[in-house]
Amino acid sequence: MKDAKPFIPNTILNGVAKRSVDWFVMTEDLPDTENRVTLTKDGNIQVRWKPNNIVAHKELIKEIKKMMKRAGYPIVVAQPMGGIETNSHQCGTVRFGNDPATSVLDPFCRAHTVQNLFVMDASFFPSSAAVNPALTIAAQALRVGDYILQQTAGEIENRRNNLIIQ
């Protein structure tokens with residue numbers, strides 16, 4: 001609260017904080033082809049992002065305030081989070097699909113243009129449904145790891161058979 005309300009004296013903020021409960025209520029950023037991470041000509045990272053799903057978020061906040069009041073909290077204050085600085089689970093920055101013209105990765109997270117490059121993070125996901133995607137990333141990594149093992153096993157078997165035949 002002290003960072004969000006620097007003009008209010010600390011003694012007042014401390015009194016409010018001792019009698020408060022914080023709830024972090026969030027909604028999903030929906031996929032948007034204009035949201036992206038790129039490099040500028042001088043090599044700096046540029047994040048282009050615009051908020052969306054705002055109507056649903058406002059409705060959720062309205063309903064949460066009603067629930068909190070029904071639960072006995074006489075004063076309910078919403079403090080909106082800032083823009084991109086609160087976007088901590090960046091998803092959807094690398095599109096996947098079967099067509100290299102419209103995607104960077106295939107469905108197994110392998111780059112279309114670099115056969116030994118696999119991208120295993122949240123960038124593959126269209127969105128995270130407003131939750132931490134860590135466990136889904138782990139599950140995806142296991143799925144892709146199995147795929148890589150299957151592909152590698154086939155290649156090793158082919159090499160071994162070629163050596164035996166020769």
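These questions and answers go through a predicted model, from the whole chain down to single residues.

Residues count from 1 along each chain as its sequence is written. Local features need pLDDT of at least 70, side-chain atom pairs count only at pLDDT 80 or more, and totals for chains, interfaces and linings use all residues, while side-chain values use heavy atoms, without hydrogens and water.

Reader: In what order do the elements of the protein chain run from the N terminus on?
Author: Helices (H or I, at least four residues) and strands (E, at least two) are DSSP runs, numbered from the N terminus. The protein chain has three helices and two strands. Their order is α-β-β-α-α.

Reader: Is the protein chain more spread out or more compact than a globule?
Author: Its C-alpha trace spans about 85 × 40 × 30 Å along the principal axes. The radius of gyration, taken over C-alpha atoms, is set against a globule rule of 2.2 Å times the number of residues to the power 0.38. For 166 residues the rule gives 15 Å, and the chain has 24 Å, well over that, so the chain is more spread out than a compact globule.

Reader: What share of the 166 residues is buried?
Author: Buried means under 20% relative accessible area, exposed over 50%, and partly exposed in between, with a 1.4 Å probe and protein chains only. By that cut-off, the buried share of the protein chain is 14%.

Reader: Why does the span of helix α2 agree with its number of residues?
Author: The expected span is 1.5 Å times one less than the number of residues. Helix α2 covers residues 54-70, which is 17 residues. Gly72, with a positive phi near 105°, follows α2.

Reader: How many disulfides does a search of the whole structure find?
Author: A disulfide is a pair of cysteine sulfur atoms within 2.5 Å. The search finds none. For Cys91, the nearest cysteine sulfur is that of Cys109, 12 Å away. The number of disulfides is zero.

Reader: Are Cys91 and Cys109 buried or exposed?
Author: Cys91 has 14% relative accessibility. Cys109 has a relative accessible area of 0%. Cys91 counts as buried, and Cys109 is also buried.

Reader: How far apart in space are Asn116 and Ile148, C-alpha to C-alpha?
Author: Asn116 lies in the loop between α2 and α3 (134-165). At 70% relative accessibility, Asn116 counts as exposed. Asn116 and Ile148 are 32 residues apart in sequence, and in space their C-alpha atoms are separated by 9.7 Å.
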